[in-house]
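Subject: Handover of a structure and notes on its contents

Dear colleague,

Please find below the structure that I am handing over to you. My notes on what was found in it follow directly after.

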Amino acid sequence: MASPIPITIITGFLGSGKTTLILSLLPQLLAQSPSYKLALLKNEFGDLAVDSQLASSSSISGVRELLNGCICCNLVGQLSVALQELSTTQNPDRIIIETSGSAFPATLAMEVNRLARETGGAYALDGVVTVIDVENWKGYEDTSYTAKIQARYMDLVVFNKWEGVGEQVFDVCLDRLGDLEEAIAWVKSDKGKVDVNLVFGIDGGLAKSLGESKEDTNGDEHGHEHEKSHQSEVEVLSVTLKGPPGSTVDTTKLEKLLNAAPKDEVYRIKTVLTASSPIKPSDELVGTDTNDMTTNGQRYILNWAFSRWTCTPMRDTATEHESSSNAALRMTMILARYESTKWKRRLENGDYLGLEGGIQGTLTIQNIV
């Protein structure tokens, strides 16, 4: 019988740095074994596959994205199919499940454990890793129900974005972790990077035990309460800007949006766009290393979180996801509660989005969550 495929769940609130962590692990794995195959199952609110395309441009062997919902609630039924597809087509050495920022990891861990039993050991849950944004933790830990309870169901905590804050701020964050009932291992990242040997091979006792007790398996009532709670924590705008063939986005306008969006109102901006030149990354954040990328010259992936952003060229060998093809710009904005109406109006007035050269485009904005 073949060895089970280890599965690592990586979770954390919106913009905490989950994707950055994952992208830093692959080069370390390949350095240890050039033939290593890492597959990614990515889940995010919205209808735009951005992070999976960024992962594909970084040589992750297989990527599958579940869109417009939460993998621990309304998309949980798709988990089995997605894992089977990755297993069959990629034969990976490991699968990472990266959850949406509001997902509840305990429910997902229980589902992975159930699938492991039902498949006769095709999978093995290695552990749950939670990424915490130290700089912005205070901004959302008091307002997000999910940000609080996420921390109770994990095997390793990665403290990210701690370099720019004082030691006192980190100590407060560490004290809050200490308030939890479980003793949990933790590590500081190095600008989003962590030693791969710390992240994989956890063999977490907490994660593996979920789903074994009657209390765990009879959690439907809690699950419904969770869905009602965290699904309402954010609002999501889906933005499409189309123009004549060859149209490019006015990056001057777009940069105004990136600089103007306050992080207490806007959590994430994820964009695939066509531009005549890349948008310069924010000074505070080190961008993805693109030295080894062969760019097609005009298609870029923009990731904005808490007033910092990177702009990465898509590989010319990458196949663009249907969610963003045939548009000069496709954007998902993940907002705080009650902010979507205001930001929809701001985008529609033309100050932040447009085509280069004053070309008239068609802008469509929908509130999808």
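A residue is called buried when its relative accessible area is under 20%, exposed when that area is over 50%, and partly exposed in between, with a 1.4 Å probe and protein chains only. By this rule K191 is exposed, because its relative accessible area is 58%. K191 lies in the loop between β7 (185–188) and α8 (196–199); helices (H or I, at least four residues) and strands (E, at least two) are DSSP runs, numbered from the N terminus. Although K191 is not a glycine, its phi is positive, at about 55°.

Please note that this is a predicted model, in which local features need pLDDT of at least 70 and side-chain atom pairs count only at pLDDT 80 or more, while totals for chains, interfaces and linings use all residues. Residues are numbered from 1 along each chain as its sequence is written, and side-chain values use heavy atoms, with hydrogens and water left out.

On confidence, pLDDT is the predictor's confidence in each residue, from 0 to 100. The chain has a mean pLDDT of 76, with 68% of its residues at 70 or more. Over residues 204–211 the pLDDT stays under 50, and the model has 28 contacts for them beyond four places in sequence, a contact being heavy atoms within 4.5 Å. Residues 213–231 also have a pLDDT below 50, with 29 contacts in the model beyond near neighbours in sequence.

A positive phi, of about 45°, is likewise found at N91, which is not a glycine. N91 sits in the loop between α3 and β4 (94–98) and counts as exposed because its relative accessibility is 57%. The C-alpha atoms of N91 and L38 are separated by 9.2 Å, the two residues being 53 residues apart along the chain. L38 belongs to strand β2 (residues 38–44) and is buried, with a relative accessible area of 1%.

Finally, helix α3 (residues 79–90) packs against helix α4 (residues 105–118) at an angle of about 60°, and their axes are 11 Å apart. That angle makes α3 oblique to α4; angles under 35 degrees count as roughly parallel, over 145 as roughly antiparallel, 65 to 115 as roughly perpendicular and the rest as oblique. Axes are lines fitted to C-alpha atoms, for helices over the stretch in contact, and angles run from 0 to 180 degrees between N-to-C directions. In this packing, L79, S80 and L83 of α3 meet L108, E111, V112 and L115 of α4.

Yours sincerely
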